[in-house]
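Please examine the sequence and the structure shown below before reading the report.

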Amino acid sequence: MTPEAAPDGRHPLEADASLLAPGRAGCPAESATGDRAFLQALLDAEAALTRAQASHGLAPEAAARAVTAAADQARFDLQALALRARDGGNPVIPLVADLTAAVGREWGPYVHRGATSQDIMDTAVMLMAARTLSLIDADLGRAEQALRSLAAAHRDTPMPGRTLTQHAVPTTFGLKAAGWRSLVLDARDRLRTVRSSLPAQLGGAAGTLAAFIAFGAERATTLPATYARELGLAAPEIPWHTLRTPVADLAGALAFTAGALGKTAVDVLTLSRTEIAEVSEGAGGGSSAMPHKANPVRATLIAAAARRAPGFAGTLYLSMAAEDERPAGAWHAEWEPLRDLLRLVGGAARDAAELAEGLRVHADAMREHLDLTQGLIVSERLSAALAPILGRARARSLLTELAARAHRERRPLAALLREAPEAAGIDVDDVTDPTRYTGSAGALTDRALERS
């Protein structure tokens with residue numbers, strides 16, 4: 001069924017069901033950034049403004065109570081606000097008119113008193129971001145705990161280390177998982193730092209607080225801090241209408257988070273290839289054409305988010321070039337990409353938690369793959385063992401010759417070493433066992449897991 005057309009022939013606004021965004025569909029961040037949630041943030045910003053002014057003697061307490069009581073998004077026509085926002089370029093202008101009417105004639109004059117539209121929009125964006133970051137933090141916590149368990153359980157599970165797509169030297173899956181966890185913690189720390197610094201915005205028409213002085217504020221410069229406390233946001237040092245550090249910092253932390261989670265995702269995608277099959281998702285996705293497939297869908301969605309996030313962040317960084325005391329276009333360009341970035345990272349954090357909690361590790365496959373190169377994966381160790389006996393040049397020459405033979409004859413390097421008179425002085429079984437050449441992987445894993 002299609003939406004019934006309005007009398008003027010236009011279709012009503014539809015809710016975004018995330019049909020083209022499965023990575024964010026149903027995640028906590030999606031609802032926290034929806035139009036209704038943002039409308040409530042706008043109303044919360046307006047109500048807090050009246051309360052702050054009441055605490056400074058610029059408005060009656062009854063006005064603050066009336067505006068706060070009326071500031072319920074369910075009382076307002078979202079579609080009408082969206083359509084009327086076109087006239088002034090932002091939804092604050094029609095919202096102020098509707099909120100004033102809802103409050104009534106007596107207290108209506110105290111709605112939005114002294115503020116400009118950007119004060120309310122910026123503050124609402126910061127509120128929405130703060131609320132969404134708390135949800136993202138919870139999912140990052142789930143991912144961190146699951147990765148901690150994987151790293152501890154597989155502290156000594158050997159597997160091939162790979163560099164430039166090729167086998168390098170052995171490592172452990174525990175160290176790999178500990179590395180993933182470290183990135184999650186790095187992302188969490190950055191988001192928490194940004195969350196604690198998200199400021200309210202209050203400056204009036206050109207960032208001078210002049211209107212509040214005109215209304216009788218004796219110390220107008222203290223009003224923004226009172227406003228921020230009402231909202232649970234940081235107090236701004238000065239109005240930041242064209243000083244977009246808060247938005248840029250938020251963009252950077254979110255883009256970093258997407259990339260940090262993307263590292264885990266691309267590793268899982270590589271290790272879950274049919275030819276490798278060292279890990280698999282606990283509940284892989286199906287295929288519309290091939291019944292046998294169990295696709296690594298969670299990792300796929302995270303990897304997609306990691307590729308998209310820098311583009312949104314780039315738009316937000318570009319918006320820092322904002323002219324005058326309040327800009328035309330730069331500020332307006334932030335709203336959609338910032339919301340999309342919050343949703344994107346929120347979905348990726350949810351998927352990362354599910355991926356880590358359900359990831360299956362196939363240790364037997366990892367051990368089997370250590371022997372794929374006929375023992376050449378320990379050539380570094382052999383070079384170190386033979387150099388004191390033969391000299392570095394001769395050791396390298398011998399290993400190069402034996403490596404070529406191992407490839408050509410498809411024989412294990414250990415067998416060829418036993419036949420080589422030059423290697424008579426070494427314990428071939430020990431130096432060619434890849435499970436005994438994981439270096440300090442276990443100790444490094446322990447060290448990484450000490451981080452809380």
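## Confidence in the model

This is a predicted model. The protein averages a pLDDT of 93, and 94% of the residues score at least 70. Over residues 1-10, however, the pLDDT is below 50. Beyond near neighbours in sequence, that stretch has eight contacts in the model.

## Helix α2

Helix α2 comprises residues 35-55, a total of 21 residues. From its first C-alpha to its last, α2 reaches 30 Å, close to the 30 Å expected at 1.5 Å a residue.

Helix α2 is mostly covered, since 16 of its 21 residues are buried. Just after α2, glycine 57 takes a positive phi of about 75 degrees.

## Glutamine 118

Glutamine 118 lies in helix α6, which spans residues 117-153. Its relative accessible area is 0%, so glutamine 118 counts as buried, the cut-off for this class being under 20%.

The surroundings of glutamine 118 can be described through its contacts. Not counting residues up to four places away in sequence, glutamine 118 touches Thr123, Gln201, His241, Arg244, Arg326, Pro327 and Trp331. With histidine 241 there is a specific approach: the side chain of glutamine 118 reaches the backbone oxygen of histidine 241 at 3.0 Å.

## Salt bridges

Side chains of opposite charge can pair when their charged atoms come close. In this model the count comes to 33 salt bridges. One of them is formed by lysine 176 and aspartate 267, whose closest N and O atoms are 3.8 Å apart. This pair links distant parts of the chain: lysine 176 belongs to helix α7 (residues 173-197) and aspartate 267 to helix α10 (residues 245-271), 91 residues apart. Lysine 176 counts as partly exposed because its relative accessibility is 24%, whereas aspartate 267, at 12%, counts as buried.

Arginine 350 also forms a salt bridge, with aspartate 351, and the closest N and O atoms are 3.0 Å apart. Both arginine 350 and aspartate 351 are buried.

The side chains of glutamate 409 and arginine 405 meet in a salt bridge of 3.0 Å, N to O. Because glutamate 409 and arginine 405 are four residues apart in helix α15 (residues 392-409), about one helical turn separates them. Glutamate 409 has a relative accessibility of 32% and therefore counts as partly exposed. Elsewhere, salt bridges that share partners join Asp186, Arg188, Asp189 and Arg451 into one network.

Conventions: Residues are numbered from 1 along each chain as its sequence is written. This is a predicted model: local features need pLDDT of at least 70, side-chain atom pairs count only at pLDDT 80 or more; totals for chains, interfaces and linings use all residues. Side-chain values use heavy atoms; hydrogens and water are left out. Helices (H or I, at least four residues) and strands (E, at least two) are DSSP runs, numbered from the N terminus. Buried means under 20% relative accessible area, exposed over 50%, partly exposed in between (1.4 Å probe, protein chains only). A polar contact is a pair of N or O atoms within 3.5 Å; within protein, one must be able to donate a hydrogen and the other to accept it, and residues adjacent in sequence count only if both atoms are side-chain atoms. Contact means heavy atoms within 4.5 Å. pLDDT is the predictor's confidence in each residue, from 0 to 100. The expected span of a helix is 1.5 Å times one less than its number of residues. A salt bridge is a side-chain nitrogen of Lys or Arg within 4 Å of a carboxyl oxygen of Asp or Glu.
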